[in-house]
Amino acid sequence: MRPSDPWGWPKILTKKRNGAYTWQVIAGSATLGLVVSAGAVLAAGPWDNGQRKAERALAAAGDRTGGAHHGRPTPDGPRPAPSAPAVLPALGTATQDAPQDPAALRDTLAPLIGDPGLGNEVAASVIDTATGEQLYGQGATTPMTPASTVKIATATAALSVLGTDHRIATTAALSSDSRTVTLVGGGDPTLSRAALREMAADTADALREDDRDARPSVRLTYDISRYAGPVLHPISPNDNIAPVTALMVNEGRVNDTDRGPAKRTEDPAGDAARTFAAALEKAGVKVTGAPREARAADEARTVATHRSAPLAALVERTLTNSDNDIAEALARQTAIAKGESASFAGARRAVTNELKKLKVPVAGARFADGSGLDRAGRVTPALLTALLARAADPDRPGLRPVLTGLPIAGFSGTLGGRYASDAEGTGLIRAKTGTLYGVNSLAGTVVDRRGRLLAFAFLASGSLTASEAEPALDALATAVAGTGG
């Protein structure tokens, strides 16, 4: 495995307990109001309340002509400043109606797709997302090892089944005799130590409400029965993925990183339980003995719950940072919702069946895992571009995080360091990367010079080094963005 992705998005931590925070902003002028608004967006986290939410709001307001609401003017006050017109024409205007020239695109891509840096086998698909027309294809229906571009399929299936607002719950259950607390994993790999401290405090409160001693004593067990099948990914142990269990803290990382390769614990569920036990002790609850694995009793009542970020945010984080642990969790959440076992095999069936419902070409596809780390996985370029087109469909807003989560060339995630600041494709290309030894892929979207949103997928195998294959893939994507002039 080659960890080629740069990491650099800010980590924003928030905490709120036993109280509320009140923000009061008095805007003395329209200018100050704009500054405060801009600051609020920049200060917010990138996944749920900042950049991504701003993108969704902008997309929803695409039919407006610009300007701002200045409030009701006072009789003696100045007249509001006029609204500015839109800087760029929206998609769907006259420029988008110009016909495409597939022949010109073929002529542009032909010399680039033959770059020896791509290896000995290359398959490609470029389509117009509005019409579904294939503008370019070379082996577009040939199944290839997708590497991490398979995360597009995993994310699409999860959003289609569960919806953007779905959250993964981790709970603490108290036995009927109030003597045993069970930490029940729901499959959230982003569970944090801070969340466990909050849950421990709630659990301690519940124990004291039972009119017991000021320092209650309990046994602690942990339940990971929500997942089934092998815990280890076929490539494990590996710094790119933790053992796949329903209970873990910070993706099983033994350091404080939150993306990229890192040493992983061999026992993520046990470590999470021990972290919870320590939090219970600090909350005034005595834990007798070591935590042990056991299912929560049927009559146990839930006394604490932590819910993950919404699925839309998890999908965006998965795609931007190529997060393997979240990708495997998304696949298993899809399996559970579809009535399949939460295992590698169950997830494969669930994702395949859900994509069939979306009427995309799944012939030849094999979803060996949710992350793309398994070399046995296969997809076609035509499948990837069809999925991107579904996510761009105005009638399917629930799939939009598949597009908003794609890294931006030269700016974010796994494309943050792939394009120089003055490169032609910087800021124009949004694409999911894929890298295994000898396998390199790129699939995403561009708006061409005619104003049309195009989806592309380039899958290559047999390359000697990623340092040769990646620039060749980036050149192909840049060429697609530059067509139609």
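Start by selecting K338, which is partly exposed, with a relative accessible area of 30% (buried means under 20% relative accessible area, exposed over 50%, partly exposed in between, using a 1.4 Å probe and protein chains only). Before you go on, note that this is a predicted model, where local features need pLDDT of at least 70, side-chain atom pairs count only at pLDDT 80 or more, and totals for chains, interfaces and linings use all residues. Residues are numbered from 1 along each chain as its sequence is written, and side-chain values use heavy atoms, with hydrogens and water left out.

The side chains of K338 and E354 form a salt bridge, 2.9 Å from N to O (a side-chain nitrogen of Lys or Arg within 4 Å of a carboxyl oxygen of Asp or Glu). K338 sits in the loop between helix 8 and helix 9, and E354 in helix 9 (residues 344–357), so the pair ties together parts that are 16 residues apart in sequence. Helices (H or I, at least four residues) and strands (E, at least two) are DSSP runs, numbered from the N terminus. E354 counts as buried, at 4% relative accessibility.

Next, select R264 and D325. Their closest N and O atoms are 2.8 Å apart, in another salt bridge. This pair links distant parts of the chain, 61 residues apart: R264 is in the loop between strand 5 (217–223) and helix 6 (268–282), while D325 is in helix 8 (residues 324–337). Buried or exposed: which describes R264 and D325? Both are buried.

For your next stop, pick R449 and E424, a salt bridge whose closest N and O atoms are 3.8 Å apart. Both R449 and E424 are exposed.

Then show D267, D271 and R274, which are linked in a network of salt bridges. Across the whole structure, a search finds 14 salt bridges.

Finally, color helix 4 (residues 151–162) and helix 10 (residues 381–392). Their axes come within 10 Å and cross at roughly 40° (axes are lines fitted to C-alpha atoms, for helices over the stretch in contact, and angles run from 0 to 180 degrees between N-to-C directions). To see who meets whom, display I152, A153 and T156 of helix 4 with L384, L387 and L388 of helix 10, which make the contact (heavy atoms within 4.5 Å).
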